[in-house]
Amino acid sequence: MSTLRDLAEEHTQLRPADIDHLHRIAGDWQLLSDLSFADLLLWVPVDGEGTFLCVAQVRPTTAPTAYLDDQVGRIVGGPEVAHLEVAHRQGRIWREGDPVWYGDVPARHEAIPVRLRTADGEAAEVIAVVGRDTNLSTARTPSQLELNYLTTADDLAQMVADGTFPPPRHPGETTSAPRVGDGLVRLDANGTITYASPNAQSAYRRLGYASHLVGEDLAKLHRRLAGDPLEGTDAANAVLAALRGDAPPRREIDARGATMLTRALPLMPAGVPIGALVLVRDITEVRRRDRALITKDATIREIHHRVKNNLQTVAALLRLQARRVSMPEARVALEESVRRVASIALVHETLSMSSDEAVEFDGIVDRVASAATEVAATEVTVGMRRQGSFGVLPAEIATSLVMILNELLLNAVEHGFPPAGEESIPGPAGPAPPEVVVSAHRLRKQLHVSVADNGRGLPEQFDAERGGNLGLQIVRALVTGELRGTIELRNGAAGGTEALLVVPLARTPTDRLTP
Ligand SMILES: Nc1ncnc2c1ncn2[C@@H]1O[C@H](COP(=O)(O)OP(=O)(O)OP(=O)(O)O)[C@@H](O)[C@H]1O
Ligand SMILES: [Mg+2]
């Protein structure tokens with residue numbers, strides 16, 4: 001289905017700023033639809049001759065719809081939309097006396113011109129028309145609630161025509177605002193409550209206010225109710241700002257273990273501040289779940305921290321043992337185990353500092369690489385370089401990958417550049433300084449990693465598929481088992497050895513893929 005923007009760009013001359021304003025309308029007009037008990041259709045003129053295109057539609061959640069079919073994309077001219085043309089031409093709200101019939105549904109048409117104010121707020125131009133169409137089949141004598149809603153709806157409709165509704169958005173306010181059905185309070189110009197819907201009354205009751213709301217000063221009430229004085233002042237100031245004609249950000253009030261979200265909107269039809277509308281929603285449950293999640297997060301981090309500590313203890317024990325054994329082979333084997341355990345600890349350390357089960361892997365690679373150069377025989381200094389980025393990796397991939405890289409890097413340092421004295425055949429790379437390059441890039445949901453050195457290359461008759469000792473066995477087991485990837489060991493094109501690793505990146509929620 002086409003979006004509002006697509007439709008407007010394809011069929012009309014509207015400027016980007018106009019289309020932005022229409023987006024703002026469509027983002028906030030559920031409120032107007034619910035208060036009006038009416039469908040709203042957003043119509044834009046396509047030719048200046050009375051033909052209109054419907055670019056957005058919303059149905060009321062408080063009443064039956066007048067349109068069972070979707071109207072978006074319809075282009076209509078002639079008598080059916082004559083009322084839109086009047087509103088568009090004359091720039092005033094148009095109301096129809098007699099109902100019109102859609103099949104067997106009687107409906108009342110209204111048309112509200114949409115104005116966009118210029119930056120200085122002076123001039124305002126009609127850029128579109130909102131059709132407000134009410135299904136009359138269930139109409140009866142309106143209740144107190146309905147009368148209050150309709151009055152407020154008319155004020156907001158006038159503000160659409162003035163260009164003062166919807167108010168500008170506050171950055172970051174994307175969570176759903178309270179709706180009419182959640183709870184609605186109307187204030188007069190002094191800030192005194194003139195109407196409160198039953199749900200609003202219940203929401204305030206949960207905060208500890210049991211009496212009738214009508215007649216209360218809402219700003220004062222907020223200040224009194226909030227458990228935290230600062231929060232109370234914020235919530236009170238939001239009400240006062242709306243009374244002055246501003247659109248303040250949403251505020252939360254916590255009291256007696258309950259949390260209420262409030263949104264205050266100015267009411268100023270024809271530019272005259274006549275009061276404010278405050279929508280409220282009990283969000284106690286939502287906040288309770290938020291808090292539970294935060295606690296769970298902290299617990300997981302704490303566990304990673306302890307796993308890291310335990311691994312470091314194991315490494316320390318092995319190191320102690322290595323110092324005590326006299327057999328050189330056993331000592332080397334123990335020292336290698338120390339490094340293997342330490343590299344896993346590195347991942348848990350990073351996880352214990354991150355907020356989700358994913359890690360920025362580049363930092364870990366750099367640390368493992370510099371640890372690997374330190375074990376290199378003292379006579380040879382091996383440079384380490386990283387190319388490209390591993391990005392953020394899920395924990396389960398990171399733990400295996402760090403062990404694999406640890407083995408490959410140690411091999412490059414230990415076997416690629418043997419200390420002088422051992423059979424050191426100068427490689428075809430000639431006198432280039434010893435260097436290991438780790439490169440990583442992502443391609444079609446796969447991570448491609450290579451570890452390349454410019455050393456003496458693999459031994460002759462080395463079986464790249466099966467050969468090797470414990471180090472390469474660990475690598476192959478992790479690559480094929482844990483990571484379900486592939487590894488290839490080969491002599492580099494310009495000498496030295498190259499290990500090529502391909503790891504599929506599953507689409508898990510924690511895996512934030514960078515394309
Ligand atoms: N980058 C490299 N350059 C040259 N030879 C290598 C390289 N990587 C591996 N090799 C060869 O492959 C062999 C097997 O490596 P592997 O890591 O399995 O065992 P290791 O390093 O000898 O012992 P460990 O089990 O302690 O790692 C090495 O002994 C070495 O001969
Ligand atoms: Mg090895």
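This is a predicted model: local features need pLDDT of at least 70, side-chain atom pairs count only at pLDDT 80 or more; totals for chains, interfaces and linings use all residues.
Residues are numbered from 1 along each chain as its sequence is written, chains are lettered from A and ligands numbered from 1 in the order in which they are written, and side-chain values use heavy atoms, with hydrogens and water left out.

**The helix pair**

- Helix α9 covers residues 284-324 and helix α10 covers residues 328-353; the two pack at about 165 degrees with axes 8 Å apart. (Helices are DSSP runs of H or I with at least four residues, strands are runs of E with at least two, and both are numbered from the N terminus; axes are lines fitted to C-alpha atoms, for helices over the stretch in contact, and angles run from 0 to 180 degrees between N-to-C directions.)
- That angle makes α9 roughly antiparallel to α10 (the label is for angles over 145 degrees).
- Sorted by class, the α9 contact with α10 has 13 nonpolar, seven polar and seven charged residues. (Nonpolar means Ala, Val, Leu, Ile, Met, Phe, Trp, Tyr, Cys and Pro; charged means Asp, Glu, Lys and Arg; the others, Gly among them, are polar.)

**The largest pocket**

- The largest pocket has a volume of about 720 Å³. (On a 1 Å grid over the protein atoms alone, a pocket is an open set of points where a 1.4 Å probe fits, with protein on both sides within 12 Å along at least five of seven lines; lining residues have an atom within 4 Å of a point. Grid points are joined across faces, edges and corners, and the volume is the space filled by probe spheres set on the points.)
- Its lining has 29 residues, and N411, H415, L458, P459 and F462 are the closest to the centre.
- Helix α12 gives the most to this lining, with eight residues.
- By class, the lining has twelve nonpolar, eight polar and nine charged residues.

- F165 and P166 are joined by a cis peptide bond, with omega about 0 degrees. You'll find P166 in the loop between α5 (144-162) and β8 (184-188).
- R444 isn't a glycine, yet its phi is positive, about 45 degrees. R444 sits in the loop between β16 (435-443) and β17, and at 72% relative accessibility it counts as exposed (over 50% relative accessible area, with a 1.4 Å probe and protein chains only).
- R484 also isn't a glycine, and its phi is positive, near 55 degrees. R484 lies in the loop between α13 and β18 (486-491), and its 66% relative accessibility makes it exposed.

Technical notes:
Angles under 35 degrees count as roughly parallel, over 145 as roughly antiparallel, 65 to 115 as roughly perpendicular and the rest as oblique. Buried means under 20% relative accessible area, exposed over 50%, partly exposed in between (1.4 Å probe, protein chains only).
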